[in-house]
Amino acid sequence: MIAAQREWHATYRALAAPRPRHATELRRRLLLLSVRIEWHPFWASPAGWSPAARVELRRLTAGDRSAGAEAA
């Protein structure tokens, strides 16, 4: 799930770029990843019920976002 979240951020950054190439494919990929993350079995477990679990997932992948911001 962490890999999917990292890929989601990378896809979102690519789509947010001015005049993204292959925007339709990027949107489809973002939707697929969103569904994969949202319906992951972890969220049905007691540990996944807490909003803190989603915050933790974003925190674990936050380093990727700052690295992408530096490269832009």
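This is a predicted model: local features need pLDDT of at least 70, side-chain atom pairs count only at pLDDT 80 or more; totals for chains, interfaces and linings use all residues.
The protein chain has four helices and zero strands, and its elements run α-α-α-α from the N terminus on. Of the 72 residues in the chain, 21% are buried. Among contacts with a separation of 6 or more, 50% join residues 24 or more positions apart.

**Helix α1**

- The buried residues of α1 are Ala-4, Gln-5, His-9, Thr-11 and Leu-15. Seen down the axis of α1, these buried residues fall within an arc of 165°, so they line one face of the helix.
- Gln-5 belongs to α1, which covers residues 2–16. The relative accessibility of Gln-5 is 8%, and because buried means under 20%, Gln-5 counts as buried.
- With neighbours within four places in sequence left aside, Gln-5 is in contact with Ile-37, Leu-57 and Thr-61.
- Ala-4 touches Leu-33, Arg-36 and Ile-37, again not counting residues up to four places away in sequence.

**Helix α2**

- Helix α2 takes in residues 23–38, and its 16 residues should span 22 Å at 1.5 Å a residue; the end C-alpha atoms are 22 Å apart, which agrees.
- Ala-23, Leu-26, Leu-30, Leu-33 and Ile-37 are buried in α2. Viewed down the axis of α2, the buried residues lie within an arc of 85°, so they line one face of the helix.
- An α-helix has 3.6 residues a turn, so residues three or four places apart point the same way.
- Arg-28 and Leu-31, on the other side of α2, are exposed.
- What lies over the buried residues of α2? The cover includes α1 and α3, the latter being residues 51–60.

**The nonpolar core**

- The largest nonpolar core has six residues in all: Ala-4, Leu-33, Ile-37, Trp-43, Ala-53 and Leu-57. Helices α2 and α3 each supply at least two residues of this core.
- In soluble globular proteins, nonpolar side chains tend to be buried together.
- Two of the core residues, Leu-33 and Ile-37, are also among the buried residues of α2. Ala-4, another member of the core, is one of the buried residues of α1.

**Aromatic pairs**

- How many aromatic pairs does the structure hold? There are two aromatic pairs.
- One of them is formed by Trp-8 and Tyr-12, which are stacked, with 5.3 Å from centre to centre and 10° between the planes. Trp-8 and Tyr-12 are separated by about one helical turn because they are four residues apart in helix α1.
- Trp-8 is partly exposed, with a relative accessible area of 21%, and Tyr-12 is partly exposed as well, with a relative accessible area of 45%.
- The ring centres of Phe-42 and Trp-43 are 5.1 Å apart and the planes of these rings are at 70°, so this pair is edge-to-face.
- Phe-42 is partly exposed, with a relative accessible area of 29%, whereas Trp-43 is buried, with a relative accessible area of 8%.
- Arg-54 lies over the face of Trp-43, at 4.1 Å from the ring centre.

**The loop between α2 and α3**

- Where is Phe-42 placed? Phe-42 lies in the loop between α2 and α3, and Pro-41 is found in the loop between α2 and α3 too.
- Pro-41 counts as exposed, at 60% relative accessibility.
- Along the chain, Phe-42 and Met-1 are 41 residues apart, yet their C-alpha atoms are separated by 8.8 Å. For Pro-41 and Met-1, 40 residues apart in sequence, the C-alpha to C-alpha distance is 9.7 Å.
- Setting aside neighbours within four places in sequence, Phe-42 is in contact with Met-1, Ala-47, Gly-48 and Ala-53. Ala-53, one of these contacts of Phe-42, is also part of the largest nonpolar core.

Terms used: Residues are numbered from 1 along each chain as its sequence is written. Side-chain values use heavy atoms; hydrogens and water are left out. Buried means under 20% relative accessible area, exposed over 50%, partly exposed in between (1.4 Å probe, protein chains only). Contact means heavy atoms within 4.5 Å. The expected span of a helix is 1.5 Å times one less than its number of residues. The arc is that of the directions from the helix axis to the C-beta atoms. Rings of Phe, Tyr and Trp (its six-membered ring) pair if their centres lie within 6.5 Å; planes under 30 degrees apart count as stacked, over 60 as edge-to-face and the rest as tilted. A charge sits over a ring if NZ of Lys or CZ of Arg is within 6 Å of the ring centre and within 35 degrees of the ring normal. A nonpolar core is a set of buried Ala, Val, Leu, Ile, Met, Phe, Trp, Tyr and Cys residues joined through side-chain atoms within 4.5 Å.
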